[in-house]
Amino acid sequence: MSAIALVLLFAGVALHLWRSSAPRPPKIELPKEPPDLLFLVTANRQGKLEVCGCPGKRAEDLAKVATLIRDTSNEMQRRGATVSIVEGGDFTGSPDVVPYLLRAYRLVGYQCIALSPRDEKRLSIIRTNSDGMHLLPPSNPENLQPFRVQGKTFSIVLVNLGQPPVKDDGYWNRLVQHLQTFKQPNTLLAAIAYIDRNAAMEIAPRLRGTVNILLIDDSLPVASGEFSPAATKASKEVSGVFIVSLPQSRASVLSLMVWANSENRDSYRLEGQWIYASGRSDNPQVKQIVDEYYTKRQKELEREMQQVMKIATQRTYLPPEFCGKCHQAQYEQWLSTDHAKAIESLAEQKRMDRSCLTCHSLEFRLRGVVTERKKRGVECVDCHVELQDPTTAQMHGQRPGERPSARVVNAETVCVRCHDKQNSPNFNLQTYLPKVAH
Ligand code: HEC
Ligand code: HEC
Ligand code: HEC
Ligand code: HEC
């Protein structure tokens, strides 16, 4: 087995930068000679189906990535390569998104889903929705589960190490022992580990001779231009472990190609490259799933909002119509004043502004919401403050002989609470009061 000599060949892997000045992602360059086996690996989706409202980031759409994967795999399959589509981890977000995401994955043709330790928290909902796709949870040496891709001349076995303890000798000894059980002639071993470059360099010597491909979770592709002199050297040192980073953005897919050497049956050539979805059209079926998710989410948000409104409206507030039932004349007079229009006269965009509504809406002051904007605003109990307590207001006038007389309005103090210098510089009780008195 140790006879496997890997010829390491790094294609230029472009750094993915968020800055808008970042160079445009390279076009996919399909090799002239198709690989025997092609892994298309996504990662780090974090439950986002698309990035809404951010111009320029639309490439992060699941529907665009789906088009990229479909196009690439169709083309490669047509040319005779075995293609395997794999999720590399950190794909879940909130639990409600998981079923939609997995439906889309199924449609695109994902075969295997490697779970990061974070994804594992959603294991039960992933299990219920994985629909035949192979699940690869992070595991210990004792319960390593393999995912096998059978190519025409050789196969690859993929295992998920999760976040392995880098310095634990015992762990690595047991791991290598277990991995040996998967080793058969013409079989390459690939491992996913959620570790960074430095940790990868540390464990590579331990894996040498056993693991052929190590997929790690690092923000810099190990084979990046910046890193290449050191990487080439390091790769030679660890001879035989091809280290490549999982894609770090939702817009990119790792294309990992493996060729068997036609002259030397035990030698393989590997090439890793991040390819980008930008500029691609939405896959209509995946787009439909994404839209379904957002429609459902919208409905849920509306339901939540209704719930909030219900709680708010349960707080007692007596609208002017309530007082008007018994004090018709005062109510009608009030209707004719600007106080009854205090919400309507706010510009549309200010009708949600709490700094305005504290004076312009009694309902807002009492409930924290505004349910009606017509015939509302500065209302009866804004001035008749003794009746602000709903119980008192409801009681008064109910039982003749026990009627608590509402005390007179102290116009000297009541009006200036709102008619302050800033909002009502011309306020003068003598001229203002007659306009609202009834
Ligand atoms: C069920 C009928 C009813 C409702 C509803 C009602 N009132 Fe009255 N209100 C009365 C009666 C009856 C009196 C006593 C009038 C009287 O004795 O002549 C009264 C007295 C008053 C007075 C005192 C008048 C005075 O001369 O002392 C004010 C002010 C007043 N109500 C305001 C309100 C306000 C504000 C509301 C709404 C929060 C309200 N009322 C709701 C029936 C009602
Ligand atoms: C809770 C706050 C508040 C209180 C208390 C209040 N007002 Fe007002 N008042 C307003 C607001 C807000 C407006 C502007 C309404 C609009 O046009 O949107 C207003 C408008 C007016 C107007 C109309 C101004 C005009 O240009 O014609 C008069 C008159 C007035 N108030 C008189 C009074 C008097 C008198 C009192 C006391 C007895 C009083 N208000 C108490 C908030 C209040
Ligand atoms: C402290 C109480 C208070 C606050 C806070 C307040 N207002 Fe007013 N507003 C008044 C009063 C009182 C009047 C009536 C002034 C007058 O006519 O003398 C008024 C009148 C108005 C009018 C009608 C005046 C006109 O020129 O026709 C508008 C519009 C208005 N306010 C907008 C706002 C907006 C927008 C905010 C929030 C940024 C705001 N108000 C916050 C008390 C307030
Ligand atoms: C801007 C302040 C203001 C608002 C708003 C207001 N009132 Fe008054 N109300 C007064 C004042 C001032 C008086 C005169 C009482 C006094 O002399 O103190 C009065 C008197 C009354 C009286 C006694 C009337 C009488 O003839 O003795 C009633 C009843 C009354 N208001 C009901 C209402 C009702 C119902 C509403 C709401 C539809 C309302 N008021 C809104 C300021 C207000």
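Predicted model: local features only at pLDDT ≥ 70, side-chain atom pairs only at ≥ 80, totals over all residues.
1. Helix H10 (354–360), helix H12 (380–383), helix H14 (411–414) and helix H15 (429–436) each contribute at least two residues to the shell around ligand 2, where helices (H or I, at least four residues) and strands (E, at least two) are DSSP runs numbered from the N terminus. H15 provides the largest share of that shell, with 4 residues. The shell counts 21 residues in total, and Asp 338, Ser 345, Cys 415, Cys 418 and Lys 435 are the closest of them; a residue is taken as near a molecule or strand if its C-beta atom, placed from the backbone, lies within 6 Å of it.

2. Residues are numbered from 1 along each chain as its sequence is written, and chains are lettered from A and ligands numbered from 1 in the order in which they are written.

3. By residue class, the shell around ligand 2 divides into 12 nonpolar, 4 polar and 5 charged residues, with Ala, Val, Leu, Ile, Met, Phe, Trp, Tyr, Cys and Pro counted as nonpolar, Asp, Glu, Lys and Arg as charged, and the others, Gly among them, as polar. Around ligand 3 there are 16 residues, of which Lys 350, Cys 356, Cys 359, Asn 423 and Ser 424 come nearest, and the division there is 5 nonpolar, 8 polar and 3 charged.

4. Strand E11 (residues 252–260) is largely enclosed by the rest of the structure, because 9 of its 9 residues are buried; a residue is buried if 20 or more other C-beta atoms lie within 10 Å of its own, exposed if 12 or fewer, and partly exposed in between, with C-beta atoms placed from the backbone. In a regular strand the side chains alternate between the two faces of the sheet. In E11, Ser 252, Leu 254, Leu 256, Val 258 and Ala 260 point one way, whereas Val 253, Ser 255, Met 257 and Trp 259 point the other way, and all are buried.

5. Strand E2 (residues 37–42) joins E11 in the antiparallel sense over 5 bridges, and Leu 37 has Val 258 of E11 as its bridge partner. E11 and E12 are also antiparallel, over 9 bridges, with Met 257 standing opposite Glu 271 in E12. Gly 272 belongs to strand E12 (residues 267–276) and is buried, since 25 other C-beta atoms lie within 10 Å; its C-alpha is 6.8 Å from that of Val 244, a residue 28 places apart from Gly 272 in sequence.

6. The largest nonpolar core has 85 residues, and Val 41 and Leu 214 have the most contacts inside it. Such a core is a set of buried Ala, Val, Leu, Ile, Met, Phe, Trp, Tyr and Cys residues joined through C-beta atoms within 7 Å. A second, separate core of 8 residues includes Cys 323, Ile 343, Leu 362 and Leu 387. Beyond its neighbours within four places in sequence, Val 41 is in contact (C-beta atoms, placed from the backbone, within 7 Å) with residues including Val 86, Leu 215, Leu 246, Val 253, Leu 254 and Leu 256.

7. An open sheet of 5 strands runs in the order E6-E7-E8-E9-E10, with mixed pairing. Strand E6 (147–150) and strand E10 (242–245) stand at its edges, each with a single partner strand, so one side of each is left without a neighbour in the sheet. The twist averages 20° from one strand to the next. Within this sheet, strand E8 (residues 187–193) and strand E9 (residues 213–216) pair in the parallel sense over 4 bridges, and Ala 193 stands opposite Ile 216 in E9. Helix H5 lies across E9 and E10 and runs at about 160° to E9, where axes are lines fitted to C-alpha atoms, for helices over the stretch in contact, and angles run from 0 to 180 degrees between N-to-C directions.

8. Asp 90, which is not a glycine, has a positive phi of about 55°; Asp 90 lies in the loop between strand E3 (82–87) and helix H2 (98–108) and counts as buried because it has 22 C-beta neighbours inside 10 Å. Asp 131, also a residue other than glycine, has a positive phi near 50°; Asp 131 lies in the loop between helix H3 (123–129) and strand E5 (134–136) and counts as exposed, with 10 C-beta neighbours inside 10 Å.

How values were computed:
Contact = placed C-beta atoms within 7 Å. Pairing = 2+ DSSP bridges.
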